[in-house]
Amino acid sequence: MDNGFSREPMLDIFIYETMQNIEQLEAAILAGEKQNRLTPDTVNEVFRLMHTIKGSAAMMMCDNIASLAHALEDLFAYIRENQLEDVECGQLFDLALESADFISLEMEKVKKGMDLDGDPAGLIAGIRECLHILKGEKPAEDELKTKEAPPAAQHYYLPAQVVDKADDRKTYEAIIFFEEGCEMENIRAFVIIHRLKEITPDFRHIPSDIVADDQSVDLIREKGFTIYFKTSWDYEKLYDFFMGTAFVRDLTLREVEEDKLLRNLTEPQDLTLETPALKVPAIIDGDLGVPRQLDVGGGRQSIISVDVAKLDKLMDLMGELVIAEAMVTQNPEISDLKLDSFAKAARQLRKITGEMQDTVMSIRMVPLSASFRKMYRLVRDMSKKLGKEIDLILTGEGTEVDKNIIEHISDPLMHLVRNAADHGIETPAERLTAGKPQRGQIVLAAKGAGSDVLIIVQDDGRGIGKDEIIQRARERGLLNKPAEEMTTEEIYNLVFLPGFSTNEKAGEFSGRGVGLDVVTKNLEAIGGSVTLESTPGVGTTTTLKIPLTLAIIDAMNIRVGSAKYTLPTTSIKETFRAKAADLIQDPEGEEMILVRGEVHSILRLHEVFALRSDHTELTEGIMLMIEQDGKCRCLFADELLGQQQVVVKALPPYLKSINKVEGLAGCTLLGDGSISLILNVGGLLAM
Amino acid sequence: MTTQAEIADLREMGDEDTLKGKYLIFTMDKELYGIEIRYITEIIGIQPITKVPEMPPYVKGITNLRGQIIPVMDARLRFKKPEREYDDRTCIIVLDTNDISVGLIVDSVVEVLTIADEDIAPPPEISKGGQRYIKGIGKAGDTVKLLLDCKRLLTADEVDALSELP
């Protein structure tokens with residue numbers, strides 16, 4: 001691994017692309033498995049992805065990944081060429097998925113800069129065996145195949161610092177042609193040289209300067225890459241060695257006279273190996289005249305990956321730009337002047353910044369589909385292990401939410417789906433006895449609801465009874481009030497308390513009693529909430545309510561005394577001025593108001609936040625009725641300032657460490673650069 | 001502000017060695033205090049501050065520092081000294097430790113001084129608190145400077161904070 005040249009710039013791209021390829025691979029295989037047969041599409045896709053992974057892994061010297069990908073590629077190449085469709089695909093898919101897991105694991109190590117110590121030998125052996133069985137069915141083609149798909153030449157991955165005995169060393173000439181369109185031929189040649197160094201110190205290659213010289217790419221393309229070397233390895237071994245390299249299309253290997261090697265030994269042969277930086281040649285497209293075989297079905301990607309930190313920065317700058325714009329166009333120094341052309345220019349500026357803001361926001365929006373699709377794999381693995389038959393149905397996966405939110409909900413989603421599959425869905429036998437269809441069903445749905453997105457995980461399993469929960473909670477000492485007084489909602493919320501687990505033993509997939517409180521914690525972090533409903537025998541529904549975006553909300557600004565506060569418009573039900581006749585006061589001094597026959601309690605904001613307000617008389621200020629999760633309350637403020645979109649910013653962590661202010665959700669910058677505090681509706685309702 | 005420029009220069013040079021032993025000296029209630037330069041991001045004049053409810057009195061609120069929201073605390077109130085009106089000499093020193101940014105309101109900023117380790121005496125042993133934020137007493141010229149422990153200053157002592165609630 002430590003080969004003296006820096007691979008940093010390429011490493012990120014390699015990791016990113018390989019992870020994407022693995023995801024696509026899983027998707028392709030799961031799709032194939034659904035149809036329970038091997039379609040040419042699946043085979044082509046797997047072949048293509050493995051080919052890509054093999055190439056890039058070999059280039060990055062991740063030999064174990066490359067060899068595994070190579071083996072799998074061989075297998076699928078065989079299937080593809082012989083158009084086998086009626087093969088036993090179960091085992092094939094398992095192998096492919098296991099390989100995908102292996103590669104993801106190794107990629108994690110690459111990310112952390114650890115050594116790749118995973119040994120794919122077992123997997124490769126399995127793949128070989130599978131290939132042999134397939135070939136066994138068609139012995140006629142066996143011979144042909146052996147040449148095209150050489151057995152995994154594992155030995156060369158071992159540290160091959162063998163000191164060759166001088167006697168039986170022979171000199172060989174190898175001329176290598178790379179596949180057309182594989183790009184960066186010089187770097188692929190460099191990889192070969194690098195590996196060759198492990199076998200023998202005596203070699204020479206043409207062109208000699210492969211990395212630094214851009215011309216070398218064309219030379220290798222036209223005339224092939226020629227190496228003269230001396231080794232004790234036999235012909236077979238060497239053939240495998242070269243053919244095991246990514247993208248090698250054609251190889252001519254023959255024994256030659258020793259002087260061929262020596263002829264130019266005065267030339268500094270090792271020069272290229274010491275070159276610290278790789279110069280990646282300009283990728284020449286289109287002049288190949290050959291349709292690019294590698295990209296079958298892939299198409300040109302017009303998507304780039306961007307560091308989220310940069311997006312956050314862009315977002316911040318955008319917020320400042322909006323403020324700066326307001327500072328210019330609404331500058332008090334020009335407010336009394338009549339400036340026609342200035343007003344026109346200012347309007348134009350406002351329009352552009354507005355559009356830009358929308359675009360910046362939309363960049364951060366990501367569809368939920370990626371997180372949702374991951375669940376296919378989870379459900380598949382679990383149903384296999386648990387012996388259950390489960391269908392996963394996705395709806396509304398195109399719903400878009402902010403990137404930050406996606407990160408926070410993948411874990412909760414996984415927990416919930418796991419729980420549904422593990423505890424919810426019964427075994428086929430149990431289901432049949434209960435008069436349900438044999439196959440269980442988990443529905444994962446997403447839909448927008450105002451400024452929130454609802455994500456619903458629903459199963460048609462055995463459900464969970466209230467009594468069961470209460471009993472459990474009592475055993476764990478989690479009940480803090482008599483069970484008879486609890487509402488259904490409160491009972492089900494017990495499930496989300498830390499330490500509550502209804503499963504006796506911790507299973508492989510779930511049941512350590514940490515699952516559901518992680519869900520709540522993760523959701524609270526992004527201002528979401530979770531509710532659970534269940535009917536014994538019918539199923540369980542868990543609903544996650546998450547804000548559409550952490551960043552920008554439609555908001556109402558209000559004023560209390562000299563302080564400005566902001567409320568999300570969606571949580572304001574109505575605003576009105578109170579009439580004295582509607583006001584009620586109970587014996588404890590609690591103030592209430594009658595609105596269309598319903599009584600709501602009143603919260604005076606100036607009292608909550610200890611402020612001096614303009615109005616203390618309830619009939620003089622303004623009432624805002626807020627609503628969340630079915631609960632209503634009236635807030636009393638001095639004045640409404642107006643509605644606008646605001647950029648939500650978190651309160652500084654320092655303040656939160658001093659005192660967790662329940663009534664505040666964050667803060668925002670107003671047009672004039674001043675700060676307004678965003679009220680936390682849930683917190684105010686709970687006061 | 002020359003002190004500001006000086007700090008900017010020092011920070012640009014960046015490495016620990018150039019920052020080591022350098023203190024920003026500020027005044028508060030006739031006393032001179034020092035803060036290690038490496039914790040300081042910048043010095044700004046007094047800004048409009050938005051009050052945040054349910055905070056101890058020394059936390060004056062939050063302010064907008066070019067789009068970044070930072071909490072601001074009043075050094076006088078933090079050390080239980082009498083409050084005074086802010087004027088155009090009043091400064092906010094923006095501190096940054098462990099990725100927490102906090103503004104510290106002080107009466108005025110004086111200069112940047114190099115105080116060698118041997119000129120710093122440990123604070124007298126007094127068990128009655130009060131010394132918690134002082135990590136040493138620096139001697140430079142004919143005056144002494146109380147050197148603040150920045151990390152202590154910013155690690156909110158919750159018991160303390162809650163008991164100070166109105």
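Reader: Which residue in β18(A) stands opposite A:Phe576?

Author: This is a predicted model. In it, A:Met623 of β18(A) faces A:Phe576.

Reader: What makes β14(A) and β18(A) a pair?

Author: Pairing takes at least two bridges found by DSSP. Four bridges join β14 (residues 572-576) to β18 (residues 622-628) in chain A. Therefore the two count as paired. They run antiparallel.

Reader: How do you know that β18(A) also pairs with β19(A)?

Author: The same cut-off of at least two bridges applies. Seven bridges link β18(A) and β19 (residues 631-637) of chain A, in the antiparallel sense.

Reader: What lies between the strands of the hairpin of β18(A) and β19(A)?

Author: Two residues. A:Asp629 in this hairpin takes a positive phi near 50°.

Reader: Now helices. Why are α3(A) and α4(A) called roughly antiparallel?

Author: The axes of α3 (residues 63-82) and α4 (residues 89-112) of chain A cross at roughly 165°. Therefore the two helices are roughly antiparallel. Their axes come within 10 Å, and the crossing is left-handed.

Reader: Which residues meet where α3(A) and α4(A) touch?

Author: From α3(A), A:Asn64, A:Ile65, A:Leu68 and A:Leu72. From α4(A), A:Ala96, A:Ser99, A:Phe102, A:Ile103 and A:Glu106. By class, this contact has six nonpolar, two polar and one charged residues.

Reader: What makes α14(A) and α15(A) roughly parallel?

Author: Here the limit is under 35 degrees. α14 (residues 369-386) and α15 (residues 403-424) of chain A pack at about 25°. Therefore they are roughly parallel. The axes are 10 Å apart. The crossing is right-handed.

Reader: Which residues make the contact of α14(A) with α15(A)?

Author: In α14(A), they include A:Met375, A:Leu378 and A:Val379. In α15(A), they include A:Ile409, A:Leu413 and A:Arg418. The contact has eleven nonpolar, three polar and two charged residues.

Reader: On to chain B. Why are β3 and β4 of chain B said to stand at the edges?

Author: The open sheet has five strands, in the order β3-β6-β7-β5-β4. β3 (40-45) and β4 (59-65) of chain B each have a single partner strand, so one side of each lacks a neighbour in the sheet. The pairing is mixed. Neighbouring strands are turned by 30° against each other on average, direction ignored.

Reader: How do you know that β3(B) is paired with β6(B)?

Author: Two bridges would be enough. β3(B) and β6 (residues 91-97) of chain B share five, and run antiparallel. B:Glu42 stands opposite B:Val94 in β6(B).

Reader: How many residues does each chain bring to the contact between chain A and chain B?

Author: Chain A brings 22 residues and chain B brings 23. α21(A) gives the most, with five. By class, the chain A side has 13 nonpolar, six polar and three charged residues.

Reader: What share of chain A is buried?

Author: Buried needs 20 or more other C-beta atoms within 10 Å. By that test, 33% of the 687 residues in chain A are buried. The chain holds 22 helices and 22 strands.

Definitions and conventions:
Residues are numbered from 1 along each chain as its sequence is written. Chains are lettered from A and ligands numbered from 1 in the order in which they are written. This is a predicted model: local features need pLDDT of at least 70, side-chain atom pairs count only at pLDDT 80 or more; totals for chains, interfaces and linings use all residues. Axes are lines fitted to C-alpha atoms, for helices over the stretch in contact, and angles run from 0 to 180 degrees between N-to-C directions. Angles under 35 degrees count as roughly parallel, over 145 as roughly antiparallel, 65 to 115 as roughly perpendicular and the rest as oblique. A crossing is left-handed if the near helix is turned anticlockwise from the far one by less than a right angle, and right-handed if clockwise. Two residues are in contact if their C-beta atoms, placed from the backbone, lie within 7 Å. Ala, Val, Leu, Ile, Met, Phe, Trp, Tyr, Cys and Pro count as nonpolar, Asp, Glu, Lys and Arg as charged, and the others, Gly among them, as polar. A residue is buried if 20 or more other C-beta atoms lie within 10 Å of its own, exposed if 12 or fewer, and partly exposed in between; C-beta atoms are placed from the backbone.
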